[in-house]
Structure formats: structure tokens, C-alpha cells
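Try each task before you read its solution.

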Amino acid sequence: MIEWAVITENLPEYAAGLWLTLQLTVISLAAGLLLAIPLAVLRTSGAAFVSRGVWAYTYFFRGTPMLVQLLLVYYGLGQFEWVQARWAEGNSLWLVFRDPYGCALVTFALNTCAYTTEILAGALRATPHGEIEAAQACGMSRLTMIRRILVPGALRRALPAYSNEAIFMLHGTAIASTITLVDLTGAARNAYSQHFAPFEAFIFAGLIYMCVTFALVGLFRLAERRWLGHLQARKSRQARA
Amino acid sequence: MIKKTLLLAGLILACQVATAKDWKQIRFATEGAYPPFNVTAPDGSVQGFDVDIANALCEEMKTECTWVKQEWDGMIPALMSRKFDAISASMSITEERKKKVDFTDKYYATPLALVAKKGSTLKPELASLKGKRIGVQRGTVADNFATRFWADHGVELVRYARQEEAYLDLSAGRIDASWVDSLEADGGFLTKPAGQDYDFAGSKVYGRNAEEKAVIGEGVGIAIRKRDTDLRDQLNKALAAIRANGTYERISKKYFPHDIYGE
């Protein structure tokens, strides 16, 4: 027996939740990617000190669950009186950590940035030697080579792995509901506690997540066709004839 | 023909005997995060007023009680899917919940109250709370009350999975006040070191009109599945017995300065 009222009565809340989920996903992915590009370059740089520093950061964020990171940032930081004093005096940098939205964005961005850094670093290492030699033969400086050859090539090669990361991130934002944010999962939890009907409340949220996931997959497929076209299997003309 | 009728009657009787289950063991569930009503001891077992009352009922009924810990917001679905037989977790008897489960008579009744920093001028009234951030535990009577009367009228409601998290955020200054069962606030926060700078703000609310009373409900009862009417009746009988023989009063005194049964 399905209680449709669980869904219809809470439709506006689901819509608002979806909007928040999309915001969290898109903003944290964008911030994470922008930060990951320089970090990936540093990670693959010859200087062991710099490389190890970036490694320590990605190691921490990839080695602990995102839920634990979020609880640390939200409840953990708020515990310290020093932080509470900064909030009281209206310090705008620290106020970010008072707001659950700010806590979620910072945590998600740092988390996805760690994964993206490693994905990009891997793609950078996979740059064909020929491209580097050609760049050097043209007399490019190291910076120019990074800007024109290494990073664009790595971004292209990283696309398939990065599309997975984006989808993980979309699903990962569900834990925002543990710090009072009413995202898609939060809306489902509210609907569930009002009607005691977990199946309806969560299956509806699940279906929305699935639709968004498919939309993301479609977008990445378009992106891969655009930027990775040269690596895709060419369609044979003779086969059609 | 008579034989057949007799056989049929016998069968029906046998079935009834089978359904009138002999409750040798009752699996109780509680949350273990709602002091002093139910808390988790360092060794993982559950303690508190809810637990003591249910254990006293079992003793009265000469049955064995076992305890299961269950997150609050999954409590009723888990009862309905037979993960346990009864909930003794300070669950208020409300119309909404009665659609899904059955309740025993109330075993205590307490008012709701607003908890805020000492000296706060907030009152549990819409005019006073407009534009404020008020923390509630999701799915509690306090949540239902605030959702119904405040949320659509400019009060920003912040819902938590556990009441303890609302206290944490109150201490951290993320919310202006928490709207909660007054006894829970007293035992779980105000009398503890973490809550020494906090107090009740405004008067306690039992329900100031018929509408509010309908949301707050008639008190706190033990929830059971609708079909287990025999269990409900046995629990009610035992409850009346421990009220009469002084056991209830003894347990109440252990946790509270006064009898919390209500009128």
C-alpha cells in the first residue's frame, strides 16, 4: 500500500531540497576542480617537499569518511570557545563555519578537491613523452608548457574518471542532512518522520537522485565526445554500406 | 453436520488461543539519547526512567524484558516491521502516531518548554520567536508543534536527528533556543555543566488552547503494534498495579523531584 500523500504533501519541500542538493554539488565541484589544478601540478612537481605536502592533504581527505569530516567541521569546530568568541565578534571568515551551509560547502569542496587532485595528478603523469619533448623543442618555458600542454591534456584524459567523482559527489551531498540542512535527503527524512512511511519518502528521493545522475552522465558523455573525440573508436564507413 | 460445526468452532478457538500470545518475552526499544528518560550507559546498555518503568511492568507481568536501541526517526517503522514489540522511549500519544500504532495509557505527561541562554527574553509565542532560529528534534511533539504553529509564520525551524545535537548548537550559538520537552531539558541539559548558562525562557506549555492540546497529546505512552491488543491490555493492567503499589513513585523519585505522572 503506497501512501502518495507522503510525496504530494511534501512536494515543495522536495523541490527546495533538490535545489539545495544541486547547489552543494555544483559549487563544491567547481571550487574543488579549480583548486585541484594547481595542486595536481604541485603534486607531480619534482620537489619532494611540495609533493609530499599535497600528498598529506589528499591522504587525509581520501583516508577518512566524508561524514566524519563534516561532523568534525560542524560540531567539532563549534565546540571550541575560541571559535565561539570569533563568532560573537562577527569575524566573517569564521562565521562561515557557524553556518551549516558554509560548513557543508567547505567540507565537500576540500573532499572532492583531494580526489580530483589525485585524478589529475595521474593524468599529468600519463602525459606522452613526445608531447613534452615537442614542447621543449619549441622552446616553451616550464610554465608555458604546463599551461598549454600538460594541464589541457590532463584535463581531457581525466574526464572519464572525473565523471565518476562528480556522481559520487552528488550522492555524497546526502550527508548534509546530518547537519540540519534540508537537502533532498533532508526533505525525505522530514517527510518520513511526519508520516512514518519510509518507503515512499525515500524511494521518491532516490528516483530524483537517479534522474539527476542520468543527466550528469549525459552531460559528461557530451563533454567526452567534445574533448576526447580523438580517443573514441572511429565508426567505419564501410560497415554502413 | 454438528460434528463439522464443532470441528470448526474448535479450530476457531485454537486459532484464538494461538493469537492470544503468551508474552513470555517482550522486546522493548528505546533511543538511548534522551536523558534522563533513556540514556546509553558506558557499557552500551540502556538506562533511565523509560527503561525502569518498562522493566517494572515486565516484573509485574512476570515476563522477561529485552532491550533494543533504535534511532528515534526510525522507531515506528521498525516497530511495525517487527524488529521489536514495544517502544518505551518517551513517545507522546498523538493522533498522527495513533494512525500507525497503538498506545498504552500514559505513564507520564510533561509540558514543552523553550531553552535559551540565561536572561533571554524569548517566550514560546509566535510574536517573540519571529526571525529566530529554533532547534527541535525531528519527529518529536516539539517538532510537530513548531511545524504546525510557527514554521510557516517566520520562525526558522532547525531540525536535528538527536536532541543532544540541538544542545550542542545552542551552546555553539548557532540557534537562539531549543523547543523541547521540559523534563528532558532539565535532566539532559540544564542540570549538567554544559547547560549551566542556560535556563527555561518564558512559561512551560501544556497546550494553551484546544488546537495546541491536540498536537501536544495526552501524555507519554508505550507504543505497540495495533494487532497486539492483548499486550496493550496486559501492560495497562501492570501500569495500574505499579501506580497503586508505590513502585511508580519510587522510580519517579529516583529521577525527578516530584511525581511526573501529571493529573
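Helices here are DSSP runs of H or I with at least four residues, and strands are runs of E with at least two. Keep in mind that the model is predicted.

**Exercise 1.** State how many helices and strands chain A has, and describe its build.

*Solution.* 
- Step 1: count the elements. Chain A has 12 helices and zero strands.
- Step 2: read along the sequence. The pattern is α-α-α-α-α-α-α-α-α-α-α-α.
- Step 3: take the extent. The C-alpha trace of chain A spans about 70 × 65 × 25 Å along its principal axes.
- Step 4: check burial. Chain A has 241 residues, and 36% of them count as buried.

**Exercise 2.** Describe the side of chain B that touches chain A.

*Solution.* 
- Step 1: count the residues. On chain B, 14 residues are in contact with 14 residues of chain A.
- Step 2: find the elements. α3 (75-80), β10 (156-160) and α7 (163-172) of chain B each give two or more residues to this side.
- Step 3: pick the main contributor. β10(B) gives the most, with three residues.
- Step 4: sort by class. This side of chain B has seven nonpolar, two polar and five charged residues.

**Exercise 3.** Decide whether B:Ser92 is buried or exposed.

*Solution.* 
- Step 1: locate the residue. B:Ser92 lies in strand β6 (residues 86-92) of chain B.
- Step 2: recall the cut-off. A buried residue has 20 or more other C-beta atoms within 10 Å of its own.
- Step 3: apply the cut-off. B:Ser92 has 23 other C-beta atoms within 10 Å, so B:Ser92 is buried.
- Step 4: list contacts beyond four places in sequence. B:Ser92 is in contact with B:Val141, B:Gly217, B:Gly219 and B:Val220.

Methods:
Residues are numbered from 1 along each chain as its sequence is written. Chains are lettered from A and ligands numbered from 1 in the order in which they are written. This is a predicted model: local features need pLDDT of at least 70, side-chain atom pairs count only at pLDDT 80 or more; totals for chains, interfaces and linings use all residues. A residue is buried if 20 or more other C-beta atoms lie within 10 Å of its own, exposed if 12 or fewer, and partly exposed in between; C-beta atoms are placed from the backbone. Two residues are in contact if their C-beta atoms, placed from the backbone, lie within 7 Å. Ala, Val, Leu, Ile, Met, Phe, Trp, Tyr, Cys and Pro count as nonpolar, Asp, Glu, Lys and Arg as charged, and the others, Gly among them, as polar.
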